[in-house]
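Here is a briefing on the structure shown below. Keep the sequence and the 3D view open while reading.

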Amino acid sequence: MEVIKEIETRRGANLKLNGIAEKIIEKSPSVANYALRPDDFFGTIPKLCLKEGSKVLAGSPVFFNKKNPDIKIVSPISGTIKTIERGPKRKIELIIIEPSKKQDSIKHQVKGWERMDISDLKVLLMESGNWPFIHQRPYGVMANPLDEPKSIFVTTAKTDPLHEDFNFVLKNEQKEFQLGIDLLNKFVDQPVFLGIDKSFPGYFESIKGVQHYSFKGPHPAGNLSFHIQKLSPINMGDRIWTVNPEDVVNLGRFITSGIFSSQRTIAVSGNAVQNPKYFKTKIGAELAPFINNVLVKEDKVRVINGDVLTGTIADVSGYLGYFNNLITIIPEGSHYRMFGWLPFKDNKILSLSNTSLSRFINRNGFEVDTNLNGEERALVVTGEMEKIFPLDIFPMQLIKACMVEDIEKMEALGIYEVVTEDFGLVDYANTSKLEAQEIIRHGIELMINEVG
Amino acid sequence: MNFLRKSLDKIKKPFEKGQKLEKFAPAFNAFDTLLFVPNHTTKKGSHIRDAVDLKRTMVTVIIALLPALIYGIYNTGYQYYIQIEESFTFLDAFIHGSWKIIPMIIVSYVVGLSIEFGFAVYRGHEVNEGYLVTGLLIPMIMPIDIPLWMVGISTAFAVLVAKEAFGGTGMNILNPALTARAFAFFAYPTYMSGNKVWVSEAGNIDAISGETILGTLAAGGQVNYSMMEMFQGSIPGSIAETSTLWVAVGALILILTGVGSWRIIFGGIIGAAIMGLLFNLWGQNELMSFSWINHLVVGGFAFGIVFMATDPVSAAQTTKGKWIYGILVGIFCIMIRVFNPAYPEGVMLAILLMNVFAPTIDHYVVNANISMRKKRWANASHELKTT
């Protein structure tokens, strides 16, 4: 293996939480319902193809993107569409599918894909429901099939709290991973960039036909925005595609069998969980059976689709998100702390600030909950965001530009180079309890609507 | 604790949403949250949050101010007793100082917080903690014999004009505490300068003058204090700025907790030292030949650079900008001292001046990042055309 570049940062922080998943993969418990959530596809306007009560096969289109009707989002399993839950203004919240006993799939013709035209290949991926696996930068939305990306990025390791270990998750899927990479290589002039953790490269070292790079440093060193800025920075008008590692495997599996693969290996973790571990399941699975399996220690918990910094709230009765490999369960907070504002008090709460001794007292794992630990205030403290933000961007200035919706300034300050998840740690660490991710998401939505 | 919480929850009822005192909720919450960090949980964004909040940050600054304040109280009494040439104990001096200073602190807090509460209710936001620091800083940088009503008016001016007029905490351009001092300085010059205001009751006693060191130097006089006395702070001056030693302890607290920017503090020291050295080489008059080390320990320089220049809202906000800002505060402080005998202490004006220029410094620092990005865009499109 030849590493084309080693990237490293010191800016960031690893949050050491209790409840990391043990390296055991269990078979999925029986799941009564699956669901698709259109909100998982940021920037997509869903339009249904089917009604309640329709029968679907694994791989049948369920809805498509109004902006690009060729991109289909397909059912992960075969069964019946049980209910379509709608929110205010008839917004589609959830499409719940009840699996049938006999599982059938739609089969596509994939023989000789190596020699297919790129445009035919794109149509194949869109028809078969594989296209949504490909994301685009800027904005972190679904890729546009009309674009020719400058490069494609896949990272095989993450740094967020309690992150899943893809070396373990995909240990038996080297062949499929390689095929997925081969498929992605068809879309770009230069080989796919494959990010590996410098200290644990694992088998991803031996993947062929890629440009390996390694990274090192505290979270968010594993975020693709950082890698892209270092290796192939986004200029005005550039498009870069990114694919999650397990979706590379799903693509690889599809291209050999012609059947849409909806496999998800999830780590169910968090400090409210008694025995955190991994499960093999499918996209959109109901979470309750998994939560019951790992035993929850607390009465009131928050179930998070994703990690504690960037995930979305899923109820105990919620469903696995489309792109998530991680479910985090932590206790709900809602308790008062008398004189909690005294410096060096309550050192059991994880803090990056030097007004707490927590990092000196506890070096291993922290119990966390959802308390805000203060109230929202005006932005006063400066320099704290820069300390945990590895990108060559001024985070506070960008946030302020998004707040006042100054598009020119947002562009100049680098809105194209970030996605909301890059601000997860900023949310966590800032003194004023500013909702940075919310503001950046709003800014990105503005860019999509105004600039496109 | 549970009992207290329950009774607070009971009192809180009429202030809740849809109840009749809803409008005054910020005022009640200010007291409630002073006792308890509220039980709010995260609703969006990151699900877990750091233990630090603005209250904790501001309380840290207050803790850092305490050594200088306590020494200031003692020094007030000390200066008074050595002037009237009476024998005294530490306690005597401390009591005299408290007698003079505590009313000033009360006036500053009462006036300032009333305005802050009023604006919080009017604008419907929570009371920000920034004033806890400002309200303590204002009396600490006043001359001891200033009448209480002047403290009140200066405070009101600072909070209204320097802070709320710009939109409240986080939006102000000038440091509010320094604005209060500047207001008093220009509105009531006889109470803010000369040789009778720096020592408690000096105006009433026909004794030797209690002039500040910089005042003496500006008048071309000889300084009778040793370097050690200047460092320790047993010299006349504004209430709590005289002791470089105890200010340094506060600086250490600010730097170790990360609350104050070490870049600004060291930048200021470097700037002042360089400027002092240059003037030493020139050596035209008493102030110019006053050793650069002494320049660092006399007057309000140390206090200003540690507690006023580091105010994150009015200082430069970018890392590079903080260095530039700090160094320039130091340079201007010594320059004003030396060139302008009417204002023997330059640190107040130097910081206010740099407060005004801080956004400009940041503008250029941020613009460097922007032009780097634009250059990259231009290069990329150029490459596209050629290939």
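**Sheet pairing around β15 of chain A**

Strand β10 (residues 134–137) of chain A pairs with β15(A) in the antiparallel sense, over 4 bridges. Note that this is a predicted model.

- A:Arg137 has A:Ile240 of β15(A) as its bridge partner.
- On the parallel side, β12(A) pairs with β15(A) over 3 bridges.
- There, A:Phe153 has A:Thr242 in β15(A) as its bridge partner.
- β12 (residues 151–155) of chain A also runs parallel to β13 (residues 192–197) of chain A, and 3 bridges join the two.
- A:Phe153 is bridged here too: its partner in β13(A) is A:Phe193.
- In a regular strand, side chains alternate between the two faces of the sheet.
- Which residues of β15 (residues 240–243) of chain A lie on each side? A:Ile240 and A:Thr242 are on one side, and A:Trp241 and A:Val243 are on the other.
- These four residues are all buried, so both faces of β15(A) are covered.

**The 7-strand sheet**

- The strands above belong to an open sheet of 7 strands in chain A, with mixed pairing.
- Its order is β1-β14-β13-β12-β15-β10-β11.
- β1 (3–8) and β11 (141–142) of chain A stand at the edges.
- Each edge strand has a single partner, so one side of each is left without a neighbour in the sheet.

**The 4-strand sheet**

- Chain A also has an open sheet of 4 strands, in the order β3-β9-β8-β5, with antiparallel pairing.
- Its edge strands are β3 (34–36) and β5 (55–56) of chain A, and each pairs on one side only.
- β5(A) runs antiparallel to β8 (residues 79–86) of chain A, joined by 2 bridges.
- Within that pair, the bridge partner of A:Lys55 in β8(A) is A:Thr80.

**Chain A as a whole**

- Chain A holds 11 helices and 21 strands.
- Its radius of gyration is 22 Å, close to the 22 Å that the globule rule gives for 452 residues, so chain A is as compact as a globular protein of that length.
- The C-alpha trace of chain A spans about 65 × 45 × 45 Å along its principal axes.
- Buried residues account for 52% of the 452 residues in chain A.
- Of the contacts in chain A with a separation of 6 or more, 68% join residues 24 or more positions apart.
- Chain A is divided into domain 1 (1–25 + 113–280 + 287–333), domain 2 (34–99) and domain 3 (386–450).
- The centres of domain 2 and domain 3 of chain A, taken over C-alpha atoms, are separated by 31 Å.

**Where chain A meets chain B**

- How many residues of chain A are in contact with chain B? The count is 62 residues of chain A, against 52 residues of chain B.
- Elements of chain A that each supply at least two residues to this side include β18 (301–305), β21 (337–338), α8 (395–403) and α11 (436–450).
- α10(A) gives the largest share, 4 residues.
- By class, the side of chain A that touches chain B has 26 nonpolar, 24 polar and 12 charged residues.
- Strand pairing also crosses between the chains: β21(A) runs antiparallel to β1 (residues 36–37) of chain B, joined by 2 bridges.
- A:Met338 stands opposite B:Phe36 in β1(B).

**The nonpolar core**

- The largest nonpolar core has 233 residues.
- Members that touch the most others include A:Ile152, A:Val268, A:Ile327 and B:Tyr325.
- Helix α3 (residues 54–84) of chain B supplies the largest share of this core, 13 residues.
- Leaving out residues up to four places away in sequence, B:Tyr325 touches B:Ile264, B:Gly267, B:Ala315, B:Ala316, B:Met354, B:Ala358 and B:Ile361.

**A buried loop residue in chain B**

- B:Val127 lies in the loop between α4 (90–123) and α5 (130–140) of chain B.
- Is B:Val127 buried or exposed? B:Val127 has 23 C-beta neighbours inside 10 Å, so it counts as buried; the cut-off is 20 or more.
- B:Val127 and B:Ala27 are 100 residues apart in sequence, yet 7.1 Å apart in space, C-alpha to C-alpha.
- Not counting residues up to four places away in sequence, B:Val127 touches B:Pro26, B:Ala30, B:Glu116, B:Phe117 and B:Ala120.

Note on methods
Residues are numbered from 1 along each chain as its sequence is written. Chains are lettered from A and ligands numbered from 1 in the order in which they are written. This is a predicted model: local features need pLDDT of at least 70, side-chain atom pairs count only at pLDDT 80 or more; totals for chains, interfaces and linings use all residues. The radius of gyration is taken over C-alpha atoms; the globule rule is 2.2 Å times the number of residues to the power 0.38. A residue is buried if 20 or more other C-beta atoms lie within 10 Å of its own, exposed if 12 or fewer, and partly exposed in between; C-beta atoms are placed from the backbone. Two residues are in contact if their C-beta atoms, placed from the backbone, lie within 7 Å. Two strands pair if DSSP finds at least two bridges between them. Ala, Val, Leu, Ile, Met, Phe, Trp, Tyr, Cys and Pro count as nonpolar, Asp, Glu, Lys and Arg as charged, and the others, Gly among them, as polar. Domain bounds come from an automatic or database domain assignment. A nonpolar core is a set of buried Ala, Val, Leu, Ile, Met, Phe, Trp, Tyr and Cys residues joined through C-beta atoms within 7 Å.
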